[in-house]
Amino acid sequence: MRSVKSLLAAGAASLISSMAFAADMPIAAPPPMYAPVAPPSDFGGWYLRGDIGYSNQRVDRVLDTNAAAYNNVNVAQTGSFSSAGIFDLGAGYRFNNWFRADVTGQYRGKSTFTGLDVVTGVGPATGFAGTNSYTATKSELLFLANAYVDLGTWWCITPFIGAGVGGSYNKLSGFQDSGVRYTAGALSNSVTYFGDNGKWNLAWAAHAGLAYKVNPGFTVELAYSYMDLGDAAPGNFRAFDGSISGSSTIKVKDITSHDVKLGVRWELNSPPAYMPPPLVTKG
């Protein structure tokens, strides 16, 4: 009986000793607690933009709206514009991560126009051949409202497509018509000068390109645009010898351009950058 009491006493002493040792040990810190971080969401914000580039322009034809001027005449025509620099500024709004829209004002520098008509077969003078050449310079002021769809981002590069519509003020300067003139059933040589003139046209564009996000507030773009700028027309004409003068009946029809541009965009309110919350511990 005494041995049983001794055993119980030894066990109790051992338990009390273990509890005292545990009480002296430091309390382990709980695992760190982090507040949940919301994934980045779509955002909206204003931006500014600027572009520089060059145009590669074409014209469908030079048309004389005085139909009688070319009765019984066969005309083979060629014509083209030289390339010219372009510059634009604009402002826009990003509605979310894939859709944005902006308005731009663009100055399209002066390009040289050259055209040539090869004229044959006038009335009784069948077999007659002559040439008629055109020279001029052209520039435009272009205003567009554009919308773009961003197609996804890979390694900070975002391909996009877009379209725009607006108005183009096409100005012809120094238009000159040298060569044959059909008058009273016969061809004659002439040099005719036209005054400078500008006119507004409906314009539209199709865009495609790549955007590289340098940082959340700054993006660089390399873009291509197909532009349809409408028509142009010179002003009143006069012959070099003053023998004739009057209102122009000539139109430069269907001016188009393939533009290549390098642009930048500045986001005025970038998406928030999420930072890990501070470590929370309990002492």
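This report covers the salt bridges, nonpolar cores and a surface patch of one predicted model.

The model is predicted, so local features need pLDDT of at least 70 and side-chain atom pairs count only at pLDDT 80 or more, while totals for chains, interfaces and linings use all residues. Residues are numbered from 1 along each chain as its sequence is written, and side-chain values use heavy atoms, with hydrogens and water left out.

**Salt bridges**

A search of the whole structure finds 15 salt bridges. A salt bridge here is a side-chain nitrogen of Lys or Arg within 4 Å of a carboxyl oxygen of Asp or Glu. The table lists three of these pairs.

| Pair | N to O distance |
|---|---|
| Arg-49 and Asp-102 | 3.2 Å |
| Asp-254 and Arg-61 | 3.9 Å |
| Glu-221 and Arg-100 | 3.6 Å |

Strands are DSSP E runs of at least two residues, numbered from the N terminus. The side chains of Arg-49 and Asp-102 meet in a salt bridge. Arg-49 sits in β1 and Asp-102 in β5 (residues 99-122), so this pair ties together parts 53 residues apart in sequence. Buried means under 20% relative accessible area, exposed over 50%, and partly exposed in between (1.4 Å probe, protein chains only). Arg-49 counts as buried, at 4% relative accessibility. Asp-102 is also buried, at 4%.

Asp-254 pairs with Arg-61 in a salt bridge. Asp-254 belongs to β13 and Arg-61 to β2, so the bridge ties together parts 193 residues apart in sequence. Asp-254 is partly exposed, at 36%. Arg-61 is partly exposed too, at 32%.

**Around Glu-221**

Glu-221 forms a salt bridge with Arg-100. The former lies in β10 and the latter in β5, so parts 121 residues apart in sequence are tied together. Both Glu-221 and Arg-100 are buried. Salt bridges that share partners join Arg-49, Asp-51, Arg-94, Arg-100, Asp-102, Asp-150, Glu-221, Arg-265 and Glu-267 into one network.

Glu-221 has a relative accessibility of 3%. A polar contact is a pair of N or O atoms within 3.5 Å; within protein, one must be able to donate a hydrogen and the other to accept it, and residues adjacent in sequence count only if both atoms are side-chain atoms. Such a contact joins the side chains of Glu-221 and Arg-49 at 2.8 Å. Another joins Glu-221 and Arg-265 at 2.6 Å. The C-alpha atoms of Glu-221 and Ala-211 are 4.3 Å apart, although 10 residues separate the two along the chain.

**Nonpolar cores**

A nonpolar core is a set of buried Ala, Val, Leu, Ile, Met, Phe, Trp, Tyr and Cys residues joined through side-chain atoms within 4.5 Å. The largest has 20 residues, of which Phe-113, Phe-175, Val-252 and Ile-255 touch the most other members. β2, β6, β7, β9, β10 and β13 each supply at least two of its residues. The largest share, four residues, comes from β6. A second, separate core has five residues, including Tyr-148 and Phe-160.

**Surface patch**

Ile-52, Tyr-54, Phe-87, Leu-89, Leu-222, Tyr-224, Val-260 and Leu-262 form a nonpolar surface patch with about 770 Å² of accessible area together. Patch members have over 30% relative accessible area and no salt bridge; nonpolar side chains (Val, Leu, Ile, Met, Phe, Trp, Tyr) are joined within 5 Å, like charges within 9 Å. Accessible areas come from the Shrake-Rupley method with a 1.4 Å probe, and for residues only the protein chains shown count as cover. β1, β4, β10 and β13 each supply at least two residues of the patch.
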